[in-house]
Amino acid sequence: MMEHVEQDICCPFCDLSGITPNEMNLHINKVHLQEYFNSDEPTENRLVNGDYKKSDRSQSSKDSKSEDSSSGCDKENRNGASWIDPERRTRLSLDVKSLEPVLQMRQNCADNIVKSGVTAACGSAQSGLNLRSGEVSASAPPFIIPDINDNVEPDINCNIPSEFCCPLCHFSTSSEGDIQSHVNREHVDILSPCKPPSGSSDPTDMDSSGSTDRNFLSVEHSRNLQKLSSDNVCPICGMIVNTTQELEIHVNSKHSDILSPDKPYATSMSMSQSMESTDWSDVMACPVCDQEFDDPGLLQLHVNGHFSAEQTPVQEFSDQVIAQELEKSEIEEKAREQKEFHALQAMYGMVGGTNYKKQYEKNLERAVIRGDINLKQFHEKKANLHYRDMIGIDDGHSCCKGLIPKLKDFYKVPIQGLNKYWLCSYIDHFAVSYGDRGWGCGYRNFQMLLSGLTTHPTFCKVVFNDKPQIPSIPKIQRLIEAAWAKGFDKQGCEQLGGKLVDTTKWIGATEIVAVLSSLKVRCQLLDFHNPSGPQGTHPRLFQWIKDYFQQPSPVKLPLYLQHHGHSRTVIGIEELKDGSHRLLIFDPSTSKKQMSQFHGVITANLMRTIRRTIHGLKAKQYQIVAITGILEDREYEEHKILKSERIS
């Protein structure tokens, strides 16, 4: 604003500026002469070269007072009629002098102007111009309107009032900074550029001259705000934003309850003052209706009111209703458990409707349709099935013999990267067949363990009665039921329903230990419950298997390896030069045709069929069954209760 005062001549009645003093004199005499005579000052006080002179025309003064007593403005004048004779009007003239006094006065309030961000009007039409100089006699002739080309240098100090009056109230002060602060603080709601004043926007429709001045100050306030407020500071909370548009959005959104045009002016002032002293960080909202409170006690009472007896009717439940609800929940829980149990039964082959014999015949028929076997082979295999069922001996149709000698010959040749290896003494591979595909892995691994016992005289005598013949799957099912009948593994018997014959139920490590213990074979059951290495690996499992095969013994028997959903047989282990290990495993899911390839030239690619690294065994839990000897008679009863040793 100081820049404009120093360089421009501004009209004290409107926002016209940037013209020469001669042009300003012409503008005031033509445009604002009527407004000056319509002010609250007596008509006989005329402004002549910056001074007031009492007129001798007292009659005109009396008429003007009577017309302007209530509102200070003549309504007839707004309709275009003039209540003073133009010849009797005194011309207005600006006496522009040096700017040094003005600059000295504005330098004192420059800091207040920058902080407030809003430039108040320097005077108003309502308060009039307080310009003092010598008086002119009543007989002085009227002033002639100066020509725009006249070389006249009026003094601009005549436009600077010695006292600043608020255009909206009766407040007055001699400091320009104080009047600016007063307008910005006390009349921010009225002067807001976003809030148009109530009523018509046309100044000609106003009922008082104060309304016209208020519109002028509101427009001037909006312009000066954009021109001078580089920091864009909110006048209410002091928040600084980047642009004027952001400031308007902030004020309209955050302080809409204070700056609302629907609220009276006095209420807006009181609320503005209360907002400055209120800590909005402590405002709390009701979780039910979102009403805000600054007092926790009032909020608690309000929330409790939502759940009072009037709003929340109490329901009285009888004992019978409660009992019905409990019974209903129990029935639903039992139904859910029964459904899960049936799903587990179906997964482990415990659902009736099929057995080994039926599945064998059905898969034989499918093999004929696919062309895998002819009709002659179909009838031969079907006849052998009935014979095996009668005598309980496996016919070896899925068995591959003589694999261990072939592997020993393979290891006689130096292998790159291999340090040592260990193999079991003897074992035959048994693959799943037509009747047990999908559920017979446990039975086939048990047959592999039994094949390893046939070469040991002691085991052959105790287990096979010196007749080393591998039992068929239906025979193994009967042996397990016989072990249950003797009292071995009663918990496993209950889990499988006490029946295995003519079913497709899965068996695991506990059933293997139970049937071997019933045959007086000592077994060791080991549990690896959790991974013992990074990324779900089991290094302790590999180390235990290595220690098992390293033990000095004339006979090395294979190991039964069980994990969730499948079981396999460990026949040995390899140790590489880098210290890592690889298990040698016979998998029942590997077909007889694949295993027969070991009777030819064994290559590294073929060895991948039976090799498993530590990263190839990542099941969460594993169980191992190791045969350690023959049970004594005094130990027989003790082993009816199965015990396992947890390694990890």
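The discussion below turns to one helix and then to the cysteines.

Analyst: This is a predicted model, in which local features need pLDDT of at least 70, side-chain atom pairs count only at pLDDT 80 or more, and totals for chains, interfaces and linings use all residues. Residues are numbered from 1 along each chain as its sequence is written, and side-chain values use heavy atoms, with hydrogens and water left out.

User: What span does helix 17 reach from its first C-alpha to its last?

Analyst: Helices are DSSP runs (H or I, at least four residues), numbered from the N terminus. The expected span is 1.5 Å times one less than the number of residues. Helix 17, residues 375-391, reaches 25 Å, close to the expected 24 Å.

User: Which residues of helix 17 are buried, and which are exposed?

Analyst: Buried means under 20% relative accessible area and exposed over 50% (1.4 Å probe, protein chains only). Phe 378, Leu 385 and Arg 388 are buried. They cover an arc of only 90° around the axis, taken from the directions to the C-beta atoms, and therefore lie on the same side of helix 17. On the other side, Leu 375, Lys 376, His 379, Tyr 387 and Met 390 are exposed. Helix 16 (356-370) is among the elements covering the buried residues.

User: What follows helix 17?

Analyst: Gly 392 follows, with a positive phi near 75°.

User: How many disulfides are there?

Analyst: A disulfide is a pair of cysteine sulfur atoms within 2.5 Å. The count by this rule is zero. For Cys 286, the nearest cysteine sulfur, that of Cys 289, is 3.7 Å away. Cys 286 is buried, at 1% relative accessible area, and Cys 460 is buried at 9%.

Methods
Helices (H or I, at least four residues) and strands (E, at least two) are DSSP runs, numbered from the N terminus. Contact means heavy atoms within 4.5 Å.
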